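Subject: The model, and what turned up in it

Hi,

Here is the model I promised to send over. Have a look at it first, and then read on for my notes.

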Amino acid sequence: MTHTMQTQQSNNLDQFYSAVISDEPSQRLECFPALASYLNDQNNLLECKNTHEFITGLIKWVESSNHKIVCNGLRVLEMFAERLDNEFECYVPAVVPYAIFIVVQGCIHNLGDSKCQRIWDLLRPSLEHRIFRVKVEGQRLLIRTLDIFGESTVQLNKILPLISKLLNDSNRQVQQQTIDTLTEIYRRFGEKVWTYISKDNITETRLKILYEKFNDGAMSKTMLEKEDRQLKDLELALAEGDITQKYFENRRTTLLESYAQHLQIDEKQIVD
């Protein structure tokens, strides 16, 4: 049996396949050391009965709520990227957003909210990337960061030019995500967002769409549901140990106050 396993290990990745695609945390954790060792040996082939599903399984590791599995997943994907080189490019859009968020999350905890804009300055290329999925996920990451860590993590005058520029992107998914992102930002920062947008080089048609989105969004059921989602994300972050109890209580109070303020927004606030 041992001889068979060693022979299999020297030939391909199939021995790790079931553990990699498994949803069981224990299997993922037990699999990591041997998989990392296998990939570290340049003589071992990167052959598998289904390489795409194998790497997709690793991406799901990065989506896990278990921090150790997330870090293991990123490390293995990094090793795959080093070995596959250009062949790994097709997986970049799926991997980058998770990797970026973990970096942002770690920097917020270690450096504090006031330093987070420096991280966003470094991540600017994600909003200017040639692959449309990276631009879409970069914006979603911004929203998630705001949901969990609050408005103090970005400087509006720096992030707005990057986002509004994407309204003119050639890809429709990027355009739609940009509208959604700006609506989210408006919901948090209010009229100064509209003041900037209305002066930017944006077509009248898109301005009208944004005006309607901003106006509807301030009081819509969707926005109220998103307030609730923010609270749930905050509770999840506390449960997973990503934030302290004190931070949770302070941020929760801020969210509830913001929730109350949004209920009082008068639609006349938006000036054409």
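First, some housekeeping. This is a predicted model, so please keep in mind that local features need pLDDT of at least 70 and side-chain atom pairs count only at pLDDT 80 or more, while totals for chains, interfaces and linings use all residues. Residues are numbered from 1 along each chain as its sequence is written, and side-chain values use heavy atoms, with hydrogens and water left out.

**Overall fold**

The protein has 14 helices and zero strands. (Helices are DSSP runs of H or I with at least four residues, strands are runs of E with at least two, and both are numbered from the N terminus.) Of the 272 residues, 42% are buried; buried means under 20% relative accessible area, exposed means over 50%, and partly exposed is in between, using a 1.4 Å probe and protein chains only. Taking contacts between residues at least 6 apart in sequence, 67% join residues at least 24 apart, where a contact means heavy atoms within 4.5 Å.

**The nonpolar cores**

A nonpolar core here is a set of buried Ala, Val, Leu, Ile, Met, Phe, Trp, Tyr and Cys residues joined through side-chain atoms within 4.5 Å. The largest one has 28 residues, and those with the most contacts inside it are L13, L35, L39, F54, L58 and F80. Two or more residues each come from α2 (14-21), α3 (25-40), α4 (51-62) and α5 (67-84). The largest share, eight residues, is from α5.

In α11 (residues 191-199), V193, W194 and I197 are buried. These three cover an arc of only 95° around the axis, which puts them on the same side of α11; the arc is that of the directions from the helix axis to the C-beta atoms. On the other side of α11, K192 and K199 are exposed.

**Cysteines**

How many disulfides does a search of the whole structure find? The search finds zero, taking a disulfide as a pair of cysteine sulfur atoms within 2.5 Å. As for individual cysteines, C31 is buried, at 7% relative accessible area, and C71 is partly exposed, at 33%.

**Charged pairs**

The whole structure holds six salt bridges, each being a side-chain nitrogen of Lys or Arg within 4 Å of a carboxyl oxygen of Asp or Glu.

- K135 and D169 meet through their side chains at 2.6 Å, N to O. K135 lies in α8 (residues 132-149) and D169 in the loop between α9 (156-165) and α10 (172-189), so the pair ties together parts that are 34 residues apart in sequence. K135 is buried, with a relative accessible area of 9%, and D169 is buried at 12%.
- K213 pairs with D180, the closest N and O atoms being 3.8 Å apart. K213 lies in α12 (residues 204-217) and D180 in α10, so this pair ties together parts that are 33 residues apart in sequence. K213 is partly exposed at 33% relative accessibility, and D180 is partly exposed at 28%.
- E184 and R187 meet at 3.3 Å, N to O. They are three residues apart in α10, separated by about one helical turn, and both are buried. Salt bridges that share partners join E184, R187 and R188 into one network.

Happy viewing, and do write back with any questions.

Best wishes
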